[in-house]
Amino acid sequence: MTSSFPKVRIGIIGMGIGRYNARAFASNPRSEVVALCDLDEAAMQDFTTELATTPHHFTDYKEICACSDVDAIFVGTPNKLHAPVSLEAIKNDKHVLLTKPIADSEEAAAKLVQVAEASGVVNMMSLSTRYDSPCQHLGQLVREGFFGETYYARSRSSRRSGIPDWNLGYITDGGGAFRDMGVHALDAVWWLLGMPKAISATGVSGAKFGPKGLGYWDFNQPDAKYYSQFSADDYAGGFIRFANGTGLQIESFYASHQAPTAEIQIELFGTEAGAQLSPLTLYQTVNGAPQDTTITLPQNLPTSWENIAEHFISCILDGTTCDAPFNHGWQIQQMLEAVLESARTGKEVRIA
Ligand SMILES: NC(=O)c1ccc[n+]([C@@H]2O[C@H](COP(=O)([O-])OP(=O)(O)OC[C@H]3O[C@@H](n4cnc5c(N)ncnc54)[C@H](O)[C@@H]3O)[C@@H](O)[C@H]2O)c1
């Protein structure tokens, strides 16, 4: 869709992760942050001091979605509100950039994709791991054929003590380690693998720390009023099989006893070469001997938030085809929910 306005006027809903996305829009010459929305007026006031603009403030997401000064909305609310808020934005003809996961259930995700695709507005997922430079670098190598056939992968998100202690949305139904952080590990590796069609999943999940008040962010001990409401998973692991024969081992730990490790780690296995994401390393066999190459990327590359903002703006202003549409978020959600369903039922789950 080509637009007549020179700058995309962005409204930001949610002053948590919304701040990171908003900073990227504020620093992009082709967008400006014109409106904020949060239940907490003080949070909006606090963030406004960072901006060169003077944005409108709203406490009702329906009002920011209806605001005629806004062309596009970033949705950064807790998971349960992702679908309702995005639907409201689409109803008002606003382009939508949505944080992960796409929704708190597969049904909500499916409906959102259907409405978004029928609407004609740009719909994009804000995916900070996929759009981070190391992952983009690997993706470029994959597309150039450097790895040959990529036939297997392992991907995980790991924390020693990282259960969020600031938002019940993370620890109650619709949240959990797998939907919160597993989604990054799964989306990034699926994208690297060329987005194959998933056909089945098997998995285990549970909560070993959260309900006991253990494993919270930086070893903090939250109030029992908070952690007694824990009803999600604090770990999940599974295996996903794809129609092209590729296999993927996927894990997410909010809390765990294990060696210090990168928060997101991906290992790719190809016929010509392999790789790990962190530190970015390529594995090859050259003249019959192993050759491992650690890649150091330039320091001054854009952040993932800047990459996301730039692509979203380009989809709106230049008509660029969106490379992270809601449809991707839905396919990821189907895989996530299949692993969690397998954990509940003890059976392999087919993915339609
Ligand atoms: N790397 C990433 O992409 C990344 C990182 C962190 C969080 N997230 C996602 O962002 C979402 C929010 O997480 P967070 O850590 O920013 O949480 P947070 O609690 O820090 O911020 C959420 C904000 O939304 C506001 N809010 C809640 N209900 C609202 C409503 N009805 N209308 C307007 N505002 C409302 C809250 O007041 C709060 O300020 C989650 O879905 C999470 O998965 C993504």
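Q: At what angle do the axes of helix 7 and helix 10 cross, and within what distance do they come?
A: In this predicted model, the axes of helix 7 (residues 177–192) and helix 10 (residues 326–345) come within 10 Å and cross at roughly 125 degrees.

Q: Which residues make the contact between helix 7 and helix 10?
A: Helix 7 brings Phe178, Arg179, Gly182, Val183, Leu186, Asp187 and Trp190, while helix 10 answers with Ile332, Met335, Leu336, Val339 and Leu340. Sorted by class, there are 9 nonpolar, 1 polar and 2 charged residues in this contact. Gly182 is counted as polar, since Gly belongs to that class by definition.

Q: What makes helix 1 oblique to helix 9?
A: Here the axes of helix 1 (residues 18–27) and helix 9 (residues 304–317) come within 8 Å, crossing at roughly 60 degrees. Roughly parallel would need an angle under 35 degrees, and roughly perpendicular starts at 65. The angle therefore makes helix 1 oblique to helix 9. This crossing is right-handed.

Q: Which residues of helix 1 and helix 9 make their contact, and how do they divide by class?
A: Tyr20, Asn21, Arg23, Ala24 and Phe25 come from helix 1, and Trp305, Glu306, Ile308 and Ala309 from helix 9. They divide into 6 nonpolar, 1 polar and 2 charged.

Q: Which stretches make up the two domains, and how far apart are the domain centres?
A: The domain assignment gives domain 1 as 8–127 + 304–320 and domain 2 as 133–302 + 334–350. Taken over C-alpha atoms, their centres are separated by 26 Å. The contact takes 11 residues from domain 1 and 12 residues from domain 2. On the domain 1 side, these are 3 nonpolar, 3 polar and 5 charged residues.

Q: How do you know that the ligand lies between domain 1 and domain 2?
A: Look at who supplies the shell: domain 1 and domain 2 both give residues to it, so the ligand lies between them.

Q: How many residues surround the ligand, and which are the closest?
A: The ligand is surrounded by 23 residues, the closest being Gly14, Gly16, Ile17, Ser128 and Asn167. By class, the shell has 10 nonpolar, 9 polar and 4 charged residues.

Notes
Residues are numbered from 1 along each chain as its sequence is written. This is a predicted model: local features need pLDDT of at least 70, side-chain atom pairs count only at pLDDT 80 or more; totals for chains, interfaces and linings use all residues. Axes are lines fitted to C-alpha atoms, for helices over the stretch in contact, and angles run from 0 to 180 degrees between N-to-C directions. Helices (H or I, at least four residues) and strands (E, at least two) are DSSP runs, numbered from the N terminus. Angles under 35 degrees count as roughly parallel, over 145 as roughly antiparallel, 65 to 115 as roughly perpendicular and the rest as oblique. A crossing is left-handed if the near helix is turned anticlockwise from the far one by less than a right angle, and right-handed if clockwise. Two residues are in contact if their C-beta atoms, placed from the backbone, lie within 7 Å. Domain bounds come from an automatic or database domain assignment. A residue is near a molecule or strand if its C-beta atom, placed from the backbone, lies within 6 Å of it.
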